[in-house]
Amino acid sequence: GIAHDFNNMLAVIIGFTERAQDLAYDQPFDRKQLLESLDHVLKAAERSSDLCRRILSFSRRQVFDPQVLDLKALVADTEPMLSRVLGEQVDLTYVLPRQAYALVDPAQLEQAVLNLALNARDAMPQGGKLLIELKTVDLDEEGARAHHLEQGSYAVLAVSDTGAGMDAVTLKQVFEPFFTTKSAARGTGLGLSMVKGLVKQSGGHIYVYSEPGLGTTFKLYFPRQPEPGAEALTLLPLAQPRRDNHEMVLVVEDEALLSAMVTKTLERAGFTVLSAPSAEAALELVAAIDPPLDLVLTDLVMPGMNGRDLAACLRKQHPRLEVLFMSGYSDNLFAQGELRRGVNFLEKPMSAAVLVAQVQQLLDRRARNTPG
Ligand SMILES: Nc1ncnc2c1ncn2[C@@H]1O[C@H](COP(=O)(O)OP(=O)(O)OP(=O)(O)O)[C@@H](O)[C@H]1O
Ligand SMILES: [Mg+2]
């Protein structure tokens with residue numbers, strides 16, 4: 001488990017720091033041994049920081065922004081990514097006969113399919129088959145009781161592999177946070193907790209079937225929703241003109257998962273999105289292609305140049321550029337009175353709806369302030 005890993009790392013750090021102190025008092029002291037001890041301290045600290053990063057990115061992924069969406073389309077969209085990460089050893093097949101609408105967060109659904117596929121890959125080191133199937137089932141009273149669900153119609157996403165399978169002891173614990181049978185470098189034990197969290201938040205349920213040596217199937221049940229139709233559109237507040245979101249946004253964020261989520265959200269909303277993992281990379285990109293930027297959405301605190309300096313640099317070339325900062329360090333900054341929440345600042349983790357609304361609001365304000 002992760003707490004265990006952390007304690008181990010701390011024990012290593014404490015132990016080798018004490019040893020380094022002892023060595024430093026030796027007369028004459030052994031520089032080589034001292035440096036070795038410090039090296040162990042550094043490695044253990046780096047390893048702890050890696051663990052910490054994984055927990056944080058896991059909790060960020062838990063921001064839930066559900067929409068009624070077609071699972072068929074969402075699942076089909078994962079194909080290019082999965083075939084890339086699974087490699088040629090794994091024979092990947094999708095069976096998606098028909099549309100099925102459910103209440104899901106699209107970014108999380110994608111992440112869930114990825115987690116299941118990565119687990120399958122890990123269970124098939126020699127290669128094998130991975131089948132991703134979407135079906136619909138109607139559960140009558142009896143069927144519903146057997147599945148611990150309400151009576152009704154469900155979309156069932158089944159992910160099956162021909163891998164190592166699990167014994168009964170493992171099977172009992174798979175959904176527990178931080179349960180893993182993998183080495184610390186390979187698994188944190190959070191993948192399936194995330195998948196379960198997603199299904200639960202959609203009002204569904206997850207099941208696992210596994211036979212040692214034969215393979216494993218995960219089944220995700222989502223209550224079906226009616227296809228969002230014309231009547232839903234008329235409910236939009238009339239005062240709010242529909243935007244076409246044609247503008248170009250530059251996203252600067254060093255956390256790859258978060259960057260992918262933000263980029264995808266803005267693209268879905270219709271914006272053209274460029275992204276860079278650091279302020280330096282962003283400046284290089286802008287210098288190279290000179291894009292007609294309308295807004296930059298940047299992390300405030302990044303290794304290297306920070307978001308504020310980046311914004312100042314970009315504004316020299318694009319005086320009308322709108323700037324929206326995002327950060328997890330909000331409270332410190334508010335204390336310094338530098339930023340106004342809800343104006344040009346987004347606190348991480350943010351929901352997709354808030355993100356899109358804030359970007360639109362800034363761009364609308366700019367349009368109003370532009371003469372002509
Ligand atoms: N398809 C599978 N086949 C065999 N065992 C599996 C499968 N999926 C999950 N498991 C078992 O369940 C454990 C927990 O899975 P989970 O995805 O939660 O964590 P992880 O893969 O170990 O780490 P992480 O996903 O955080 O990198 C795995 O360590 C593995 O033992
Ligand atoms: Mg996993």
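A residue is called buried when its relative accessible area is under 20%, exposed when that area is over 50%, and partly exposed in between (1.4 Å probe, protein chains only). R145, at 58% relative accessibility, therefore counts as exposed. The structure is a predicted model, in which local features need pLDDT of at least 70, side-chain atom pairs count only at pLDDT 80 or more, and totals for chains, interfaces and linings use all residues. Residues are numbered from 1 along each chain as its sequence is written, and side-chain values use heavy atoms, with hydrogens and water left out.

**Salt bridges**

- A salt bridge is a side-chain nitrogen of Lys or Arg within 4 Å of a carboxyl oxygen of Asp or Glu, and the whole structure holds eight salt bridges.
- R145 forms a salt bridge with E141, with 4.0 Å between the closest N and O atoms.
- E141 and R145 are four residues apart in helix α6 (residues 141–146), so about one helical turn separates them; helices here are DSSP runs (H or I, at least four residues) and strands are too (E, at least two), numbered from the N terminus.
- E141 is exposed because its relative accessibility is 53%.
- K32 and E36 also form a salt bridge, their closest N and O atoms being 3.6 Å apart.
- K32 is exposed at 60% relative accessibility, whereas E36 is partly exposed at 42%.
- K182 and D122 meet in a salt bridge of 2.8 Å, N to O.
- K182 lies in the loop between α7 (168–173) and α8 and D122 in helix α5 (residues 106–123), so this pair ties together parts that are 60 residues apart in sequence.
- R121, D122 and K182 are linked in a network of salt bridges.

**Aromatic rings**

- Rings of Phe, Tyr and Trp (its six-membered ring) pair if their centres lie within 6.5 Å; planes under 30 degrees apart count as stacked, over 60 as edge-to-face and the rest as tilted.
- The count by this rule is three aromatic pairs.
- The ring centres of Y154 and Y221 are 6.1 Å apart and the planes are at 65 degrees, so this pair is edge-to-face.
- Y154 is in strand β5 (residues 152–161) and Y221 in strand β7 (residues 215–223), so the pair ties together parts that are 67 residues apart in sequence.
- Both Y154 and Y221 are buried.
- Y207 and Y221 form an edge-to-face pair, 5.3 Å centre to centre with 80 degrees between the planes.
- Ring pairs link Y154, Y207 and Y221 into a cluster.

**Helix α8**

- Buried residues in helix α8 (residues 191–201) include L192, M194 and V199.

Definitions and conventions. Chains are lettered from A and ligands numbered from 1 in the order in which they are written.
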